[in-house]
Amino acid sequence: MNATVVVATYNERDNLRSLVDAILGHSGYRVIVVDDNSPDGTGQLADTLAAGSPERVSVIHRVGPRGLGRSLIEGMKRALADGADLIVEMDADWSHDPQYLPALAAAADDADVVIGSRYLNGVSVVNWPLRRIILSAFANRYIRRVTGLSTHDCTSGYRCWRRESLAKIPLDAVISDGYAFLVETLYLAKQLECRIREVPIIFVERKLGSSKVSANVLIESVIVPWRLRLKP
Ligand SMILES: Nc1nc2c(ncn2[C@@H]2O[C@H](COP(=O)(O)OP(=O)(O)OP(=O)(O)O)[C@@H](O)[C@H]2O)c(=O)[nH]1
Ligand SMILES: [Mg+2]
């Protein structure tokens, strides 16, 4: 196993150490933290973690405009350049539990992209208010209808790519940055005839730190499915 987990962070100081420890508990996994110059010192904490496990943890410190999509792109490119066979994307806030890493990797034996899915067996989300569940369910239905994707959870940020499939995605041409980044990369994967599989995860709402979801991110996710569909 030669897998790299890319974790984008913005103000995740309270979550990062335990998360990285849990990932490193799985043998064969490395971590790239992509920090957007977090004011709370997450970047320095990441450096400390990297100094403690220099073979397995590295850090990208971004400057300039921040964004989840652009951070993930930078981390994924680095993981490809470093020779990872599997590249995993995961949130830093413990919503995506590292305990599912082996299941994602196993499913990648016969899939090109594996999604850690909240919506395979009903709804497996813990601690979300009803309005958030309804919004997410509606968003996924909307995305499927507009883009023609058949994935149950198109906005899950917990994903495992086989190296060859990720290398085919034109990451520099990706236009969106928030949830829409996840939809766009999945759409590109489908267009490139990647085999997309979902495995069930239980998603737990963050307990520590605060959400970075903004109105812009939500507006982008309404528009991008149409841009993808109408793109020549
Ligand atoms: N590098 C970087 N990471 C970000 C940025 N915005 C969010 N993130 C990270 O992306 C992941 C998901 O962000 P969250 O704020 O948890 O968004 P969410 O999971 O959709 O929303 P919540 O349910 O409120 O947690 C976390 O690891 C964040 O730290 C950003 O601008 N730059
Ligand atoms: Mg979150």
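The secondary structure of this chain, in a predicted model, amounts to 8 helices and 9 strands. The radius of gyration is 16 Å, close to the 17 Å that the globule rule gives for 232 residues, so the chain is as compact as a globular protein of that length. An open sheet of 7 strands forms part of the fold, and helices α1 and α7 both pack against strands of this sheet.

**Overall dimensions and surface**

- Along the principal axes, the C-alpha atoms of the chain occupy a box of roughly 45 × 35 × 35 Å.
- Buried residues make up 51% of the 232 residues in the chain.
- The accessible surface of the chain is about 10800 Å², and carbon and sulfur atoms contribute 53% of it.
- Where two contacting residues of the chain are at least 6 apart in sequence, 81% of such contacts join residues at least 24 apart.

**The sheet**

- The strand order of the open sheet is β3-β2-β1-β4-β7-β5-β8, and the pairing is mixed.
- Its edge strands are β3, spanning residues 57-61, and β8, spanning residues 196-200; each of them pairs on one side only.
- On average, neighbouring strands of this sheet are turned by 20° against each other, direction ignored.
- In general, the strands of a sheet pair through backbone hydrogen bonds, in either a parallel or an antiparallel manner.
- Strands β4 (residues 86-90) and β7 (residues 159-162) run antiparallel and are joined by 4 bridges.
- Within this pair of strands, V88 stands opposite C160 of β7.

**Helices on the sheet**

- Helix α7, formed by residues 179-191, packs on the sheet and touches β4, β5 (113-117), β7 and β8.
- The direction of helix α7 makes about 35° with that of β7.
- Helix α1, formed by residues 13-24, lies across β1 (3-9), β2 (29-35), β3 and β4.
- Helix α1 runs at about 155° to β2.

**Residue S165**

- S165 is located in helix α6, which covers residues 163-168.
- The relative accessible area of S165 is 2%; because this value lies under the 20% cut-off, S165 counts as buried.
- When neighbours within four places in sequence are left aside, S165 is in contact with D112 and C194.

Conventions. Residues are numbered from 1 along each chain as its sequence is written. Chains are lettered from A and ligands numbered from 1 in the order in which they are written. This is a predicted model: local features need pLDDT of at least 70, side-chain atom pairs count only at pLDDT 80 or more; totals for chains, interfaces and linings use all residues. Side-chain values use heavy atoms; hydrogens and water are left out. Two strands pair if DSSP finds at least two bridges between them. Helices (H or I, at least four residues) and strands (E, at least two) are DSSP runs, numbered from the N terminus. Axes are lines fitted to C-alpha atoms, for helices over the stretch in contact, and angles run from 0 to 180 degrees between N-to-C directions. Contact means heavy atoms within 4.5 Å. The radius of gyration is taken over C-alpha atoms; the globule rule is 2.2 Å times the number of residues to the power 0.38. Buried means under 20% relative accessible area, exposed over 50%, partly exposed in between (1.4 Å probe, protein chains only). Accessible areas come from the Shrake-Rupley method with a 1.4 Å probe; for residues, only the protein chains shown count as cover.
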